[in-house]
Amino acid sequence: MHYVYFQEDSELDRLSYGSFSHCGIYQFTIPSNVSTISQDVFMECPNLYTINFARNSKIESISAYLFKGCNNLQYITFEEGSQLTSIQAHAFEGMANLYSIDFGNAKITNIDNYAFRYCESLQSINIPNGVEYIGRYAFYGCESLSQLNIPESVTYIGRYAFYLTNNLN
């Protein structure tokens, strides 16, 4: 299986543990009605390169290890109207080929521990205004990260949050 399509008015509200793990999918759009995504939904999908969260997405939190083993995932986009507020610990950890993530106008307040650790290809990230907490080791080992915008809303940055990001200007 390489492609999965949902009707625009899909009533799907949950993607359960491992639902699409070990699949050959290339790209995936998470319908706006989905409010819960469990761990490992896309575990070990080696061909997955693009994830899109549909306009007005009801997802409030990206769970840990959601994309574990998706080594070719390069682009993640949150369309306008996203309800995303939290990126849990280990959510994007180890995604060595993640090049770009666009949060759109998401109202994120929390980027938890190890959230982007070892995202070695991530070149820039615009942390949305409203983020208050950046956890320890959050961007540890993001070797390609050269541009970072930290908004005034940030009140806490954990230890080693940006350790081994030697290309930051």
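Tutor: Let's start with a charge over a ring: K68 lies over the face of Y65, at 5.6 Å from the ring centre. The term applies when NZ of Lys or CZ of Arg is within 6 Å of the ring centre and within 35 degrees of the ring normal. Before going further, note that this is a predicted model, in which local features need pLDDT of at least 70 and side-chain atom pairs count only at pLDDT 80 or more, while totals for chains, interfaces and linings use all residues. Residues are numbered from 1 along each chain as its sequence is written, and side-chain values use heavy atoms, with hydrogens and water left out.

The structure holds 21 aromatic pairs; rings of Phe, Tyr and Trp (its six-membered ring) pair if their centres lie within 6.5 Å, and planes under 30 degrees apart count as stacked, over 60 as edge-to-face and the rest as tilted. The pair F20 and F42 is stacked, because the ring centres are 6.2 Å apart and the planes stand at 15°. F20 sits in the loop between strand 1 (14–15) and strand 2 (27–30), and F42 in the loop between strand 3 (36–37) and strand 4 (50–53), so this pair ties together parts that are 22 residues apart in sequence. Strands here are DSSP runs (E, at least two residues), numbered from the N terminus. F20 counts as buried at 13% relative accessibility, and F42 is also buried, at 0%. Buried means under 20% relative accessible area, exposed over 50%, and partly exposed in between (1.4 Å probe, protein chains only).

The rings of Y75 and Y99 make an edge-to-face pair, because their centres are 6.1 Å apart and their planes are at 75°. This pair links distant parts of the chain: Y75 is in strand 6 and Y99 in the loop between strand 7 (86–87) and strand 8 (100–102), 24 residues apart. Strand 6 itself covers residues 75–78. Y75 is partly exposed, at 34% relative accessible area, and Y99 is partly exposed too, at 38%.

C142 lies in the loop between strand 11 (133–134) and strand 12 (147–149), and at 0% relative accessibility C142 counts as buried.

Key:
Helices (H or I, at least four residues) and strands (E, at least two) are DSSP runs, numbered from the N terminus.
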